[in-house]
Amino acid sequence: MVLNSLFSKETTVGIDIGSSCIKAVEIEPTARGWELTNAAVTPTPSEAIKEGVVINIVDVAHEVRSLLKEAGIRATGAICAISGSQVIVRQVQFPKMPEAVLRKSIKYEASKHISSSMEDSVVEFEIMDQPEDSNEMNVMLVAAPREMVDSRVKVIETAGLEPLMVDIEAFSLIRALVELAASDEYLHKTVALIDMGASHTDVNIVSRGEFALTRNIPIAGNSFTNAIKSLTGASFEEAETMKLQMANDQPLDAMDDDNRNWKVVQPLLDELIREVRRSIHFYQSQFPEGDADTMVSKVVLTGGTARMLGMEAYMTSKLGTSTVVADVFKQTAISTQRIPESFIREHGPVLAVGTGLALKDSMPEIKKNAA
Ligand SMILES: Nc1ncnc2c1ncn2[C@@H]1O[C@H](COP(=O)(O)OP(=O)(O)OP(=O)(O)O)[C@@H](O)[C@H]1O
Ligand SMILES: [Mg+2]
């Protein structure tokens with residue numbers, strides 16, 4: 001045991017701290033390619049996260065520690081992520097200036113584009129390109145409430161890990177499903193990656209492998225559970241059980257018209273799909289009509305709510321765009337032979353963000369290995 005730990009390689013674990021579930025993913029580069037060495041999912045302590053901020057750090061950290069222990073994850077460093085309506089990710093134009101100068105004035109420059117208070121925000125940026133024929137440059141600007149970032153860093157530290165980085169969920173999804181995809185199919189198209197979680201749904205549009213737009217819709221799994229809760233007068237936990245039963249009993253497009261729970265869930269799901277369609281149309285409206293390259297040709301779903309039986313077919317028909325639930329590990333050619341297939345089948349779609357996080361640190365090594 002002691003020898004083992006002395007000689008064990010230092011690895012990084014991707015930890016996706018969702019409002020409903022915490023997911024941990026560990027991936028190692030091996031001689032045969034990338035390998036999923038460990039993955040685990042556990043419920044988030046109830047009411048522990050409010051609007052993306054972990055308000056109960058001690059209990060969440062305890063849950064993270066138990067999760068890693070149970071899964072046999074011995075990583076020393078962790079990467080986590082933030083998302084939600086208060087996380088702003090935007091491509092903006094700044095006057096050309098050296099990176100060091102922009103870094104000094106970033107909050108001032110960002111305040112011209114972002115309405116939230118810069119005092120309480122963490123602001124980051126990356127210079128994307130500097131066209132020669134312009135005195136402006138394209139910058140990817142990211143801003144988030146400081147307490148959202150700090151509370152997640154605190155969770156990682158309290159769980160006994162070194163917080164290596166805080167990523168944006170949208171970037172993590174793009175990394176896992178597009179940049180490091182097994183095929184370059186999505187690198188030539190415009191696709192929408194839609195993460196349907198518990199508290200919100202994120203719509204991320206990726207055009208030819210590049211991040212284009214992210215939008216947050218406040219309708220997701222909890223909205224459905226709360227609708228059933230109001231209808232039946234049951235507790236949240238009981239309503240959650242009823243929802244899961246309904247969602248796994250019959251495919252969505254074959255749901256019984258008399259099903260009372262479906263009657264309150266369907267209008268919300270349809271509203272969510274209308275919002276998705278609005279986001280896609282908003283993106284497409286920036287380009288000349290009929291420009292095939294900018295048309296969203298595929299929708300890729302992740303997150304627990306995407307697991308509702310028949311979601312692919314339901315979305316495809318309501319949206320009019322071909323929709324698939326992400327097959328995260330096949331899509332990224334990560335071997336899963338060490339993990340039971342039933343676990344992957346059950347949890348695959350919810351592990352997408354964690355997979356992108358786990359891949360962030362090992363990217364150069366993975367790329368070298370893959371070459
Ligand atoms: N088989 C299923 N059918 C329907 N809903 C499901 C199923 N499995 C999980 N869910 C729902 O998915 C949600 C959890 O998904 P996920 O783990 O992606 O959310 P999260 O990351 O914790 O939340 P968020 O990112 O919004 O903070 C819950 O609302 C849960 O009820
Ligand atoms: Mg989530």
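**Exercise 1. Determine how far apart the centres of domain 1 and domain 3 lie, and describe the contact between these domains.**

*Solution.* Taken over C-alpha atoms, the centres of domain 1 and domain 3 are separated by 26 Å. The structure is a predicted model. To place these two domains in the chain, note the division into domain 1 (2-84 + 147-180 + 332-370), domain 2 (88-145) and domain 3 (217-324). Across the boundary, 7 residues of domain 1 are in contact with 8 residues of domain 3. On the domain 1 side, the touching residues comprise 6 nonpolar, 1 polar and no charged.

**Exercise 2. Classify the packing of α6 against α7, and identify the residues that make the contact.**

*Solution.* Two packed helices are described by the angle between their axes and the distance between the axes. For α6 and helix α7 (residues 236-249), the angle is about 110° and the axes are 8 Å apart. Angles of 65 to 115 degrees count as roughly perpendicular; α6 and α7 are therefore roughly perpendicular to each other. The crossing of α6 past α7 is right-handed. On the α6 side, the contact is formed by Phe 224, Thr 225, Ile 228, Lys 229 and Thr 232, and on the α7 side by Phe 236, Ala 239, Glu 240, Met 242 and Lys 243. Sorted by class, the contact of α6 with α7 consists of 5 nonpolar, 2 polar and 3 charged residues.

**Exercise 3. Carry out the corresponding analysis for α6 and α8.**

*Solution.* Helix α6 (residues 221-232) and helix α8 (residues 260-284) have axes that come within 9 Å and cross at roughly 140°. This angle makes α6 oblique to α8. As to handedness, the crossing of α6 and α8 is right-handed. The contact of α6 with α8 is made up of 7 nonpolar, 2 polar and 1 charged residues.

**Exercise 4. Describe the geometry and the residue classes of the packing between α8 and α9.**

*Solution.* The axes of α8 and helix α9 (residues 311-319) lie 10 Å apart, and the helices pack at an angle of about 55°. The angle makes α8 oblique to α9. The crossing of α8 and α9 is right-handed. The contact joins Asp 270, Ile 273, Val 276 and Arg 277 of α8 to Met 315, Lys 318 and Leu 319 of α9. In the contact of α8 with α9, there are 4 nonpolar, no polar and 3 charged residues.

Technical notes: Residues are numbered from 1 along each chain as its sequence is written. Chains are lettered from A and ligands numbered from 1 in the order in which they are written. This is a predicted model: local features need pLDDT of at least 70, side-chain atom pairs count only at pLDDT 80 or more; totals for chains, interfaces and linings use all residues. Axes are lines fitted to C-alpha atoms, for helices over the stretch in contact, and angles run from 0 to 180 degrees between N-to-C directions. Helices (H or I, at least four residues) and strands (E, at least two) are DSSP runs, numbered from the N terminus. Angles under 35 degrees count as roughly parallel, over 145 as roughly antiparallel, 65 to 115 as roughly perpendicular and the rest as oblique. A crossing is left-handed if the near helix is turned anticlockwise from the far one by less than a right angle, and right-handed if clockwise. Ala, Val, Leu, Ile, Met, Phe, Trp, Tyr, Cys and Pro count as nonpolar, Asp, Glu, Lys and Arg as charged, and the others, Gly among them, as polar. Domain bounds come from an automatic or database domain assignment. Two residues are in contact if their C-beta atoms, placed from the backbone, lie within 7 Å.
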